[in-house]
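Let's take a walk through this structure together, starting with a sheet and ending in the cores. Keep in mind that you are looking at a predicted model.

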Amino acid sequence: MCGRTACTLAPDEVSHATRYRDRQGHRRQPRWKEGDADKYRPSYNKSPQSMSPVLLSQKHFDKNAPVDECVLAAMRWGLVPAWFRESDPRKMQYSTNNCRSENLLEKKSYKDPFLKGQRCVILADGFYEWRRQEKEKQPFFIYFSQDSRREKTDSQNQEKPCKEEDYLDLKEVIKEEDEWNGWQLLTIAGLFDCWTPPGGGDPLYTYTVITVDSSPNLQGIHDRMPAILDGEDEVRKWLDFGEVKSLDALKLLQSKNILTFHPVSSLVNNSRNNSPECLQPVDPQIKKEPKPTASSKMMMNWLKKSTPTKRKEPDTLEENQEEGATGQTKPEKQSKSPGPLQQWLQGSSKKARTNE
């Protein structure tokens, strides 16, 4: 399952990080659906009912848009079917935060949007999962290995340790191709729907995370995981509901052994906690920061090193729930002291990080 994520990029950074190539091979940067950039707020600890950045085909909003044009939208986590007749979406009697891939064609809540081509990609730094052990649960943060971008460039599929020299080479490749040089976002397969209050009012766009059986390296944590779309080609096929029919799109929903992880503090257990410490690696035995592994070393550097800048302060759970229920957001709050990861990500000119 997937019940908590993190997405710490500001709206303009999300747009930059999701650049894609159109059918002519031109690099394009998706824009935000009008007004949606203000509905989304970065968070180290996102829970259901909050607004998340979602990538989808522009043709869902403009029938005359090119088939390969993508747009970013802020959608509430927890799918509300278009046919739901209550006046308050919070009155739903069952959870639609996750949808098992094997149930897509069985349950009406998911079958209708799936057959209509309402496919989307949920964007996140990573997601949290808890492993049961004795009387307590140990949380883990799960994400793309950040050297996987270089592996894609080299047309290799096996994961390799991220050495310092590899990371420096990676930065050069990204610079040469004018790519995003920050954190590589997870691209999670999802479905969305649009619900309008029976008595009239603004439409509410919501989504569900599609899950599959866990990959071999994650089975020791949980038996389910989000369906990950690996690379631009899979993202394009999932979003292109005109060319790629529903049954063909189902083939993309496979367990993929492409993610890495590290244990984190139980601080993340409470969704009201929203700080960089939620992501920081810990030793589950001594509850202190361990010597970093190859997979977590870059994240620790990014959490510790930064250039102070101004950015939008992450939401608390209460703010997320209020904006999720109404589709509206409160006036933005200014951060007195931006978090380290926030500062690093917002830096306009950064030198390549080196591991210590």
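Begin with the open sheet of 5 strands, whose order is 5-1-10-11-15 and whose pairing is antiparallel. At its edges stand strand 5 (43-46) and strand 15 (259-263); each has a single partner strand, so one side of each is left without a neighbour in the sheet. From one strand to the next, the twist averages 30 degrees.

Now look inside that sheet. Strand 10 (residues 126-133) pairs with strand 11 (residues 136-144) in the antiparallel sense, over 7 bridges. Here Trp130 has Pro139 of strand 11 as its bridge partner.

Next, turn to helix 5 (residues 232-239). Which of its residues are buried? They are Glu234, Val235, Trp238 and Leu239. Seen down the helix axis, the buried residues fall within an arc of 125 degrees, so they line one face of helix 5.

Trp238 also leads us to the largest nonpolar core, which has 57 residues; Tyr207, Trp238 and Leu259 are those with the most contacts inside it. Among the elements that give two or more residues to this core are helix 2 (108-115), strand 12 (186-195), strand 13 (204-213) and helix 5. Strand 7 gives the most, with 7 residues.

Leaving aside residues up to four places away in sequence, Tyr207 touches a list of residues including Met75, Trp77, Cys120, Ile122, Leu191 and Phe192. There is also a second, separate core of 11 residues, and Trp130 returns there, along with Tyr44, Phe141 and Cys278 among others.

Note on methods
Residues numbered from 1 in each chain as written. Predicted model: local features only at pLDDT ≥ 70, side-chain atom pairs only at ≥ 80, totals over all residues. Heavy atoms only, no water. Pairing = 2+ DSSP bridges. Helix = DSSP H or I, 4+ residues; strand = E, 2+ residues; numbered from the N terminus. Axes fitted to C-alpha atoms, helices over the stretch in contact; angles between N-to-C directions. Buried < 20%, exposed > 50% of the residue type's maximum accessible area, 1.4 Å probe, protein only. Arc of directions from axis to C-beta. Core = buried A, V, L, I, M, F, W, Y, C linked by side-chain atoms within 4.5 Å. Contact = heavy atoms within 4.5 Å.
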